Amino acid sequence: MKDKNSRGEPKKNTLRAAANSAAVKGGKKVNSVSLRHTPNKDKKAKTEKADKKTLKIRFLGGVGEIGKNMTALEFGKDIIIIDAGLTFPSENMPGVDLVIPDVTYLTQNKNKIRGIVITHGHEDHIGSLPYILKELSAPVFGTKITLTLIENKLKEQKINDAVLNCVNAGSIVKLGCFTIEFINVNHSIAGAVALSVTTPVGVVFHSGDFKIDYTPVAGDTMDLTRIAEIGKKGVLLLMADSTNVEREGFTMSESVVKDTLEHVFGDNVGRRLIIATFASNVHRLQQILDLAVKYKRKVAFSGRSMINIAEAAEKIGELRIPANLIIDVEKTGSFKDGQIVIVSTGTQGEPMSALTRMASGEFNKVKIGSNDTVVISASVIPGNEKMIYGVINNLYRLGAEVIYESLEPIHVSGHALRGELRTLHSLVKPKFFIPVHGEYRHLKKHARLAEEMGMRQSNIVIAEIGDTVETDGKNIRFGEKFPAGSRFVDGVGIDGADSFVLRDRIHLSEDGLLVAVVAVEELSATLSSVEIVSKGLVMTDSAIAEAKAALSNTLKQIDLRTVRDETELSGIIRRSLRNYVFKATKKNPMIIPIVMVV
């Protein structure tokens, strides 16, 4: 991280203390006399005048889904973006590595963007930044640990010109007509903040991801006092985390996990410990390191993200690692089992993660055995149940003991339960409410919770991706739809949600591939030979022979001299094979004709 230059100006791609105003003022003065004789211009002027008094909240992600959080606030000529996350592909997205928001609207209005404000450093809030910053040039604001994680991601993508601005809880930043105050909250990662955004029509309070932890293992408690002060002054709109709205009560404190980890270390003296946790949960990592020192164990990090985040967190003082505590995972075999704890990625059964490879016997650095106790210190994210329980089953098959959430309080959520949500609503006292960060059922139940607390149904809006919600401070309503959705990252490029590449992959994964090689005599224009090869499609040798015979029969009945070109001949081959293969297999494979002139 670089310092300021000799003139005191901040250099690019550095962590800075709060940024100066990025306000862009002005706009041309309209001559009202000339407009009296031009009705179209008059209508446009009235629209522009109305827009200048209306706050527009545009949802690019994070509503109707878990992850991919991204919201834009727009007023007049100014736009700020809150978060820029990603989500991971579902089973019906073959070959896709990441799913990120479609930012077409933002690229079309890039001259209005004053900054990107990040609430915390989880992937579903920062993951799409490396891709978006290739299209949009905008300063990024976040806390120290958040920007450290972002900086690592930008280096991986070779982005060297991003402007990163460091803020703390309590910092105030002005971006165009928006004034943003950063407020400390508790979450499952350090440096999480809520946002109080003062706009020309009123205050918008964005909770970010939060929970209320009265006994955090590190850092301060959520700043409920400041939130109450903001609520007393008046909040126009609350946007709040809905992830855990289905669960009644209050989230357990992180200190509960500390107690569980303490007895896991104490109960497994003489056994090797392997603990899988989220790499970004720096507080959890610190607990493990402290217990390793207490129980005289060496620590080995396994998994690239685990190593990168631990190094970055130590660099900025968020993680304290005693000297000589860390060893390379390859050297764990030189120590007795009771002297080692391996900290690993793979809490969700990700196919390429360290824990998954250990469980499948494909990780040559660590071989699981009967003297291993594996701790999975995380909740199962909905949709990942099959993968993680498959890993747990494989660990048991290899003889290990496994401790996970169903058996012990080894993980606590970073998201508020209904009791904490009620506390937030009662402190903020908003006029309007939009539930965010959740699937549609979560948003609906959060809306009902707000109604139960006395808010009028007409003051609550449930938005979806592509929706614009408008407010002039007096009323709230839906505005126009705008281009939004998902884009897919496959390691080498980005495709839109309607990408033919993805459609082809789905087609191939479901129905397979059939290649037909047809040779035609150049001089006589007669059929020489036919060969058929199938991939990903179950066809017996006799079925393939029949398909070849059917295709040969079709082509022999045609005077190939009358066929205009190879394109027309390819169409004939496809039609002939498609009909036969569907009758034989009830599948529609992708058919690739290859015409050879011999």
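Modeller: Helices (H or I, at least four residues) and strands (E, at least two) are DSSP runs, numbered from the N terminus. The model is predicted, so local features need pLDDT of at least 70 and side-chain atom pairs count only at pLDDT 80 or more, whereas totals for chains, interfaces and linings use all residues. Residues are numbered from 1 along each chain as its sequence is written, and side-chain values use heavy atoms, with hydrogens and water left out.

Biologist: Is Lys68 buried or exposed?

Modeller: Lys68 sits in the loop that links strand 2 (55-61) to strand 3 (70-75). Its relative accessible area is 1%, and the classes are buried under 20%, exposed over 50% and partly exposed in between, for a 1.4 Å probe and protein chains only. Lys68 is therefore classed as buried.

Biologist: With which side chain does the side chain of Lys68 make a polar contact?

Modeller: The contact joins two side chains at 3.1 Å, where a polar contact is a pair of N or O atoms within 3.5 Å, one able to donate a hydrogen and the other to accept it. The partner of Lys68 is Glu65.

Biologist: Which strands stand at the edges of the open sheet?

Modeller: Three strands with mixed pairing form this sheet, in the order 25-24-26, and two strands pair if DSSP finds at least two bridges between them. Two of the strands have a single partner each, so one side of each is left without a neighbour in the sheet: strand 25 (527-535) and strand 26 (590-597).

Biologist: Which residue in strand 26 stands opposite Ala519?

Modeller: Strand 24 (residues 513-520) runs parallel to strand 26, and eight bridges join the two. Opposite Ala519, the residue in strand 26 is Met596.
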